[in-house]
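Let us take a tour of this structure together, one region at a time. Have the chain open beside you and follow along as each part comes up.

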Amino acid sequence: MTHTLLNENPDLAAAIDLYAAWIRFTMHRKHQPGLAVGIVYADELLWGQGFGYADIEAKKHVTLDTRFRIASISKTFTAVAILQLRDSGALSLDDPLSIYLDWFDLQYQDAPEITIRNLLTHTSGLPRDSHNPMWTECDAPEWDEFVEVLKSRPPTRAPYDKFAYSNVGYSLLGGVIEQVTGESWADYLQRNIVDPLGMSETHPVPQGDDPQLAIGYSQVNDNYERRPMPFFLMNGFEASANFASSVSDLVKYAAFHLSAEENAVLSPHSLRDMHRIHWLEPTWRDGYGLGSMQYKLGDWSISGHAGGYPGYLTGFTLCREHKTAVIVLTNALGSAPPEYINQGYKLVLPEIIKATEAAAPEAPPAWQLYLGDYFHDWGYEKVILRNGQLQIVSLDAMEYPPVILEPTGTEHVFTIQEQGGSNETVRFDLDESGDVLRMWLRNEYAFKRRQA
């Protein structure tokens, strides 16, 4: 079924058609076996398609229901579970890990203890991966072995010293979930996240003989051929990278992450907390939230997560400001999902924004009263009407965005909407003749300049 936005906006449909053609061209150029992509707007699939083969030998085509190992996208589920437990009061993000895992006493010399927040934000200083060549030999250790060896693998730096990606850290969060809830990591996530979101085709613990699971392939060799990669479970590392899912099911997951409304899974406050930056890189273009990668694409803020597992590279991304998600799942190494994701945003998101922009409302005639120049010792302000909004522009700080005034239930009083503001108010005082005398901006005031 074609989405209403596509039917009503030919430019949007043309952008998606161009995107699909570019995907086919790029997959051919890369000798890539299969890919599934979905673009979500608000709470439903705007457009999605499967490309290429889930099984090259059997000529089995990729569809939106094809399952892929989504690898580190699993970290977002683990983070949601931890935030659920924070919401319920079962734990605090700033609790030392040792409160929940009594065997854990790893600590950098003279540094504070490692906390749950450190694990969530990859700022613990713990090693990145397993003690064995897990990714090379496709063999993850069981939990008991993982724990026993980790006891002798001290942190390489103090907490918060540097962002350093750690599958070890997220695997430990799985242990915290089990300790706090008394359930296995997989059972808790199934019951409290997967099932409530209706993600019936998503599996925390996949099966190797699953007929819907795409075969994962290696990099191309010198003859431009790929070999199938072995299936294995993440065992002690499952909380960092074990899930399998499809685009069709991840559409439901994206709708949950794009929503600002109350839901059965996570409070809006924790969901917002998950997708804000908790660690900012020195470039100021990249960072990490609570289980979510963060980066800037032009003026857009993108969050979500990438995934990499032998035979699969994936990406689950959100532009929450514009209620849009781009999901790309591939079944081959060297397939570069970020390239497909970013191209999707560049081609399609401008058309989504154009198609969904509301027409500027007509401003109430009474607002004409407030228009004009205001002065005080700190500068000069001009109140204008633009885009149906009452705005304050600072004439000596034109590089800053205007302050937007939203009406309240009180006459001549408006709520301030501005970056870095906290919903304080503007009040216009009138003189005996009914003209504006001055404007109170928070608790300071500026006089209106009279026309000569």
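## Strand β11 and its neighbours

In this predicted model, β1 and β11 lie side by side in the antiparallel sense, held together over 7 bridges. If you look for I39, you will find that its bridge partner in β11 is V326. On β11 there is also a pairing with β10: the two strands run antiparallel and are joined by 7 bridges. Here F316 stands opposite I327 of β11. The hairpin of β10 and β11 has 4 residues between the strands, and K323 takes a positive phi near 55° there.

Is β11 enclosed or open to the outside? Because 7 of the 7 residues of β11 are buried, the strand is largely enclosed by the rest of the structure. In a regular strand, side chains alternate between the two faces of the sheet. For β11, both faces are covered: T324, V326, V328 and T330 are buried on one side, and A325, I327 and L329 are buried on the other.

## The open sheet

Now step back to the sheet around this strand. It is an open sheet of 9 strands in the order β3-β2-β1-β11-β10-β9-β8-β7-β6, with antiparallel pairing. Its edge strands are β3 (60–61) and β6 (279–280), each of which pairs on one side only. Helix α2 (residues 10–30) packs on the sheet, where it touches β1 (34–41), β2 (44–55) and β11 (324–330). The direction of α2 makes about 15° with that of β2.

Strands of a sheet pair through backbone hydrogen bonds, either parallel or antiparallel. One more pair to find in this sheet is β9 with β10 (residues 312–319), which are antiparallel and share 7 bridges. Within that pair, G304 stands opposite T317 in β10.

## A closer look at S303

S303 is found in strand β9 (residues 300–309). Is S303 buried or exposed? Its relative accessible area is 5%, below the 20% cut-off, so S303 is buried.

Which residues does S303 touch, leaving aside those up to four places away in sequence? S303 has contacts with H275, M293, Q294, F316, T317, L318 and R320. One of these, R320, is 17 residues from S303 along the chain, and the C-alpha atoms of the two are separated by 8.0 Å.

Let us walk through some of its pairs. Strand β12 (residues 372–376) and β13 are antiparallel, with 5 bridges between them, and G372 has V383 in β13 as its bridge partner. A hairpin of 2 residues joins β12 to β13. Next, β13 and β14 pair in the antiparallel sense over 6 bridges, and I384 has Q391 in β14 as its bridge partner. Then come β15 and β16 (residues 413–417), which are antiparallel over 4 bridges, with T415 in β16 as the bridge partner of E406.

## The largest pocket

Rolling a probe the size of a water molecule over the atoms shows where empty space is left. The largest pocket has a volume of about 760 Å³. It is lined by 27 residues, and the closest to its centre are E381, V403, E418, L441 and R442.

Which strands supply at least two residues each of this lining? They are β13 (379–386), β14 (389–394), β15 (403–407), β18 (436–441) and β19 (444–448). The largest share, 5 residues, comes from β14. By class, the lining has 14 nonpolar, 6 polar and 7 charged residues.

## The chain as a whole

The secondary structure of the chain comes to 12 helices and 19 strands. Its C-alpha atoms fill a box of roughly 85 × 60 × 40 Å along the principal axes.

Of the 452 residues in the chain, 51% count as buried. Among contacts between residues at least 6 apart in sequence, 60% join residues at least 24 apart.

Note on methods: Residues numbered from 1 in each chain as written. Predicted model: local features only at pLDDT ≥ 70, side-chain atom pairs only at ≥ 80, totals over all residues. Heavy atoms only, no water. 1 Å grid on protein atoms, 1.4 Å probe; cavity = no way out; pocket = protein on both sides within 12 Å on 5 of 7 lines; lining within 4 Å. Points joined across faces, edges and corners; volume = space filled by probe spheres on them. Nonpolar A, V, L, I, M, F, W, Y, C, P; charged D, E, K, R; others polar. Pairing = 2+ DSSP bridges. Buried < 20%, exposed > 50% of the residue type's maximum accessible area, 1.4 Å probe, protein only. Contact = heavy atoms within 4.5 Å. Axes fitted to C-alpha atoms, helices over the stretch in contact; angles between N-to-C directions.
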